[in-house]
Amino acid sequence: METSTRRRQVLALPVAAGAVALASPWRAYASDYPSKPIRMVVPFPAGGPTDIVARPFAQALGEGLKQSVVVDNRGGAGGSIGAGMVATAPPDGYTLLMGTVGTSAINASLYKNLSYHPVKDFTPITTVATAPVAIVVHPGAGIASLSDLVAKAKALPNGINFGSAGNGTPGHLAGAMFCASAHIQLMHVPYKGSAPAITELLGGQIPLMFDPLQSVLPHIQSGKLKVLAITSRQRASVLPEVRTVAESGYPDFEATAWWALFAPAGLSPAIAQRLRAESERIVRGAEFERRLASLGLQTMQVPLAGFQQSEAAKWGAAVRATGLSIE
């Protein structure tokens with residue numbers, strides 16, 4: 001028995017040594033991380049709501065890691081193109097995704113042939129921010145209030161266009177959800193990002209838009225756009241006089257956008273923890289919170305993996321209820 005036990009111990013030594021040898025490179029690699037600039041993919045064009053969140057966050061993350069974090073805008077297909085790029089990138093910590101409620105919770109239910117899996121293809125790092133969707137109109141559109149919009153839409157089904165940042169974006173789905181709640185029909189006009197849609201709205205080419213508050217806030221404050229309501233449960237501190245959709249006769253209505261940081265699946269736990277610690281420090285910081293608040297955003301601090309799972313279930317049900325589907 002003693003000889004047998006000793007033999008098992010001797011045989012076990014190379015296995016244990018091998019495990020240490022395999023783990024050591026990761027530890028050494030993580031201790032040197034980051035040794036070169038990091039790319040943060042923003043899956044929407046510059047100037048849109050995701051870009052507005054990502055740029056100050058990338059700057060703060062770079063300062064914390066003592067390395068440049070470069071924003072790379074890769075828009076298209078409701079964020080799916082940029083998210084797909086990150087899903088297939090090397091899991092070395094040098095390619096990150098500023099994910100959205102669209103890329104990480106909506107698209108799997110909305111797109112029939114999505115090029116990535118929002119859970120299996122990513123390493124969740126941390127939640128970053130959340131914001132309501134704003135329902136805004138051109139002042140010359142002749143729409144004075146949310147009830148006025150509903151009355152006009154009922155009188156002219158599919159006769160009023162609404163713009164969004166693209167198919168599958170929070171603005172698109174919030175608009176579809178509102179149509180279902182109000183029993184109206186609006187004609188969706190998808191754009192390749194918020195910026196071109198807002199340009200068309202400001203020019204009067206479209207009368208109405210659903211988009212996260214931060215991208216349209218400057219135009220609301222300047223009087224170039226009129227806000228009818230916002231889609232969160234509570235009013236926005238930056239626009240305290242603006243009613244929510246829930247306050248406007250649709251008590252169960254809520255649709256908020258959110259943003260979170262992801263890396264490709266297979267990221268070393270040590271690097272993931274380094275990114276998570278720095279990211280959470282930023283999100284908890286008063287300076288980042290103040291900066292976001294001035295833009296109509298709130299910082300968000302919840303465990304990402306569980307939150308993503310619950311959001312995917314909620315938005316998946318919403319997608320099925322509206323009957324939306326994109327090839």
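**Notebook: a helix pair and some salt bridges**

I started with helix H6 (residues 170-182) and helix H11 (residues 304-322), which pack at an angle of about 55° with their axes 10 Å apart. Helices here are DSSP runs of H or I, at least four residues, numbered from the N terminus; axes are lines fitted to C-alpha atoms over the stretch in contact, and angles run from 0 to 180 degrees between N-to-C directions. H6 and H11 are therefore oblique to each other (under 35 degrees is roughly parallel, over 145 roughly antiparallel, 65 to 115 roughly perpendicular, the rest oblique).

I then listed the contact (heavy atoms within 4.5 Å): Leu-173, Ala-176 and Met-177 of H6 meet Trp-315, Ala-318, Val-319 and Thr-322 of H11.

A note on the source: this is a predicted model, where local features need pLDDT of at least 70, side-chain atom pairs count only at pLDDT 80 or more, and totals for chains, interfaces and linings use all residues. Residues are numbered from 1 along each chain as its sequence is written, and side-chain values use heavy atoms, leaving out hydrogens and water.

Next I looked up salt bridges (a side-chain nitrogen of Lys or Arg within 4 Å of a carboxyl oxygen of Asp or Glu) and found 8 in the structure.

In H11 again, I saw Lys-314 bridged to Glu-311 at 3.3 Å, N to O; the two are 3 residues apart, about one turn of the helix. Glu-311 is buried at 8% relative accessible area, while Lys-314 is partly exposed at 38% (buried is under 20%, exposed over 50%, partly exposed in between, with a 1.4 Å probe and protein chains only).

Lastly, I noted a salt-bridge network linking Arg-39, Asp-72 and Arg-74.
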